Amino acid sequence: MKITRCIKIKTETSSYEINIGDEFLSSEHLKKFVKNKEVLLIFDPEIGKTKIKDILNKVEKSEPLNFKSLEMSCSEKTKNFNSVTKIHDMLIDSSFSRDCLLIGVGGGILSDITGFAASTYQRGVNFLLIPTTLLSQVDASVGGKTAINHKSAKNMIGAFHQPIEVIISLDFLKSLPEREIRSGLVEMIKHGLILDETYFSFLQNKSNEILSLDEKVLIEAITRSVEIKASIVSEDEQERGKRALLNFGHTFGHGIEVLGNYKTYNHGEAVALGIICALRLSESHYDSNKDILRRTKELYKSYGIEAKPKKAINPNDLISFMQLDKKKSGNELAFILLQDIGKANKVSGISNKEIEKSILEAF
């Protein structure tokens, strides 16, 4: 018997389900969203022709009123207005109404682009996500943050717009490169660090099963990770408070991504390094012990996650890119720091000297 999970999210603006299990990709399940609707399915060709054809067939069998599809190759360089315009052009050329539905099938970038296009077409239409990477399953598809990049900074243009459902199928992970699996694991580790030491320990104890994509353990790991993020999003949809904790490691990480021109590191690799910097800064700021950093580096090692940069990082250059971070307050950078595993706080007013020192000592 196949294992399934259902996680409910209730925010100020909407309620929806994140359903985990292959059975939710059936035509019968999709029909309640698709039947008699104008549907545009946006997909990343990286997921493979066989899987794309299967999903297209299932949507067609779900009896849409009008069905179009759009192929979109995604990268940080294409996460921009040009990609959103392609979606808007097809919607307008097809005379799609405000009652239409967008379906995004792909990784985190495609999820973000699809959500942003949905939030801006006719001031907001429905969208459904089928995330195909581990990172998008535990992060980008959860919580309704949609965004595109500006040429100078990541995710600077966007909107909060919740999907009507998220469908997570482990089948997509079987053909995913190990590098992409590790990228998703970084976000899962982050969730444990900021909110749940028991989950962090679970990830420590189950590394072999997770890396071998053991279905039972992997569903448990994904479910708990999604539950952690969902609980925060339900409490703070638009990041006015607790949701900021999800940015742990990201102020450094986004700067590292830009520093590498989006080529040297993927998102997970950059955030992994950002977490190391944030833990080092946490140690110095709270004068705490080094056990959390040690445990995190050991966990990285067990999953094959790199804990050192591919080339030397100049602290001043990184701080300059971090100044473009959308999460800063006025002129001050804001950091999420750990007093202990599961005990995270938002901290502002840290001097550049202290930030520079944490970067130099992190690696």
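Helix 6 and helix 9 are oblique to each other, because their axes make an angle of about 55 degrees. Angles under 35 degrees count as roughly parallel, over 145 as roughly antiparallel, 65 to 115 as roughly perpendicular and the rest as oblique. Helix 6 covers residues 178-195 and helix 9 covers residues 215-235, and their axes lie 10 Å apart. An axis here is a line fitted to C-alpha atoms over the stretch in contact, and angles run from 0 to 180 degrees between N-to-C directions. Helices (H or I, at least four residues) and strands (E, at least two) are DSSP runs, numbered from the N terminus.

Before going on, please note that this is a predicted model, in which local features need pLDDT of at least 70 and side-chain atom pairs count only at pLDDT 80 or more, while totals for chains, interfaces and linings use all residues. Residues are numbered from 1 along each chain as its sequence is written, and side-chain values use heavy atoms, leaving out hydrogens and water.

Which residues of helix 6 meet helix 9? They are Met 188, His 191, Ile 194 and Leu 195, and their partners in helix 9 are Ala 221, Ile 222, Ser 225, Ile 228, Lys 229 and Ile 232. Contact means heavy atoms within 4.5 Å. By class, this contact of helix 6 with helix 9 has seven nonpolar, two polar and one charged residues. Ala, Val, Leu, Ile, Met, Phe, Trp, Tyr, Cys and Pro count as nonpolar, Asp, Glu, Lys and Arg as charged, and the others, Gly among them, as polar. The crossing of the two helices is left-handed, a term for a near helix turned anticlockwise from the far one by less than a right angle, with clockwise giving right-handed.

Now find helix 14 (residues 352-362), whose axis comes within 8 Å of that of helix 11 (residues 267-286) and crosses it at roughly 120 degrees. Helix 11 and helix 14 are therefore oblique to each other, and their crossing is right-handed. Among the residues that meet are Ile 276, Cys 277 and Arg 280 in helix 11 and Glu 354, Ile 355 and Lys 357 in helix 14. The residues of this contact between helix 11 and helix 14 divide into six nonpolar, three polar and four charged.

Helix 14 has another neighbour to look at: the axes of helix 13 and helix 14 come within 9 Å and cross at roughly 120 degrees. That makes helix 13 oblique to helix 14. The contact includes Pro 315, Leu 318 and Met 322 of helix 13, and Asn 352, Ile 355 and Leu 360 of helix 14.

Of the 13 residues that line the largest cavity, the closest to its centre are Lys 154, His 254, Phe 321, Leu 324 and Asp 325. On a 1 Å grid over the protein atoms alone, a cavity is a set of points where a 1.4 Å probe fits but cannot get out, a pocket is an open set with protein on both sides within 12 Å along at least five of seven lines, and lining residues have an atom within 4 Å of a point. Helix 10 gives the largest share of the lining of the largest cavity, four residues.
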